[in-house]
Amino acid sequence: MLRTNLKHTDTDADYKDVIENNENVMICCGRMGPMCLPVYDIMENLEEKYPNVVFRDMDFDGPAGYNIRSLPECRRFNGLPFTIYYKNGKVVAATTSIQNKKQITTILDREFS
Amino acid sequence: MGEKYDVIVLGAGPAGLTAGIYLSRARVKTLIIDSGTAGGQMVMSYNVANYPGVETTSGWNISQTMLRQAKAFGCRVMTQSPVTGMNLYGEDKWVEVEDEGKFHAHAVITATGGVPRELGMESEQRFMGTGISYCATCDGDFFTDKEIVAIGGGNSALEEAVGLTKYASKVTIVHEFNEFQAQPWIVEEARKNEKIHFLMAQDIIEFTGKDHLEEVIVASKETGERTVIPAEGCFIFIGYVPNTAVFKGILEMNERGELIADRQMNTSVPGVFAAGDLREKRFRQITTSVADGTIAALSAIDYLQQRADSSPV
């Protein structure tokens, strides 16, 4: 259970709904750990600045977590969190481990502007 | 002219948040600015068992409580807000924040803490998240039944190495010196662990692999002989560096980049105080940062009072 101010993606249906019904989606899949918390915080800060992007988190160990853990883009990832960017339901970028605000906004601007 | 405050606190770790709590409760208009997440290094601790008055909990929980306390007293807290410029001299001190503009104050408390020390190698960055990690609790389970390396020789390195043996089949501790800096009890615990091996007095040469880490190459400091360690994971625990680059040339600091402050947390510039892990001191704990933050806040209140008393009526 993630304790963030982001909307959660808890189930397979949530996951399917969010990536199929939104053009630009960023999902951070992690735990409540020190590498994940800063990414959630950055996403919360960016929600207002990027109204064209849907920001979600997902519990790495939750029932929907395998959707991201099993992505080919995450095959070699072994640092939490796994952060995935979707454009019209397709993965356009994926990062592993902690990211700073500049790294995240660079991807958002590149993929979703 | 940007928004005016009585005190600006740079940093929202335990020192900065404590300063914010004390200042705001004293009805001092306070702004805390942090380029990252509230909590600072405290959020790196999954379990804090020695914070007096609080039963074992996570550093994140303590930081969230401190944040709520500061806000409840009226303190404004801006996180993920990089500082792009500042003037710490004179009566009108200001801090410029990316996308937000300038904020002015009569006093500033610096509490920017420290950041994990990195080796500074290109290959370290290349394998971050695909083998290189700085958090055993976060990423340890990715290396179940795999061979890994832990770099460092302090308490954190050895404690984390012991913890990693829950997952890894073999943990090789690589240290740059012949002796550990860690306390004897944890060295003994590591030495007793059959999964842990040691390579002492080594330089890290390179991390190699295709799309993930496969080998750590080290060289003996004494003979130069290279050793290739097969490893899918490498955890780096080589301490912290003070986060003081922005104060270089403004505030007095020692050769390690730690700010020099007196017992009242005054720095070399009047009206600027230092609190927490960024300042020169021996012990760095959440409790010592909280103490620093308290003293810095009370000193800042004194400074504001003296300033008001000396102002012409």
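This is a predicted model: local features need pLDDT of at least 70, side-chain atom pairs count only at pLDDT 80 or more; totals for chains, interfaces and linings use all residues.
Strands S1(A) and S3(A) run parallel to each other and are joined by two bridges. On the subject of Asp57(A), this residue of S3(A) is also the bridge partner of Cys28(A). Ile27(A), in turn, stands opposite Arg56(A) in S3(A). The pairing of strand S2 (residues 24-30) of chain A with strand S3 (residues 54-59) of chain A is parallel as well, and it extends over six bridges.

Stepping back to the whole sheet, five strands of chain A are arranged in the order S1-S3-S2-S4-S5, giving an open sheet with mixed pairing. Its edges are formed by strand S1 (7-8) and strand S5 (90-96) of chain A, each of which pairs on one side only. Within this arrangement, S2(A), H2(A) and S3(A) together make a right-handed β-α-β unit.

The contact between the chains draws 17 residues from chain A and 21 residues from chain B. On the side of chain A that touches chain B, helix H2 (residues 37-46) of chain A gives the most, with five residues. Sorted by class, this side of chain A holds eight nonpolar, six polar and three charged residues.

Chain B itself is assigned two domains: domain 1 covers 3-116 + 240-308, and domain 2 covers 122-236. The C-alpha centres of domain 1 of chain B and domain 2 of chain B are 33 Å apart.

Terms used. Residues are numbered from 1 along each chain as its sequence is written. Chains are lettered from A and ligands numbered from 1 in the order in which they are written. Domain bounds come from an automatic or database domain assignment. Two residues are in contact if their C-beta atoms, placed from the backbone, lie within 7 Å. Helices (H or I, at least four residues) and strands (E, at least two) are DSSP runs, numbered from the N terminus. Ala, Val, Leu, Ile, Met, Phe, Trp, Tyr, Cys and Pro count as nonpolar, Asp, Glu, Lys and Arg as charged, and the others, Gly among them, as polar. Two strands pair if DSSP finds at least two bridges between them. A crossover is right-handed if, with the strands pointing away from the viewer, the path from the first strand over the helix to the second runs clockwise.
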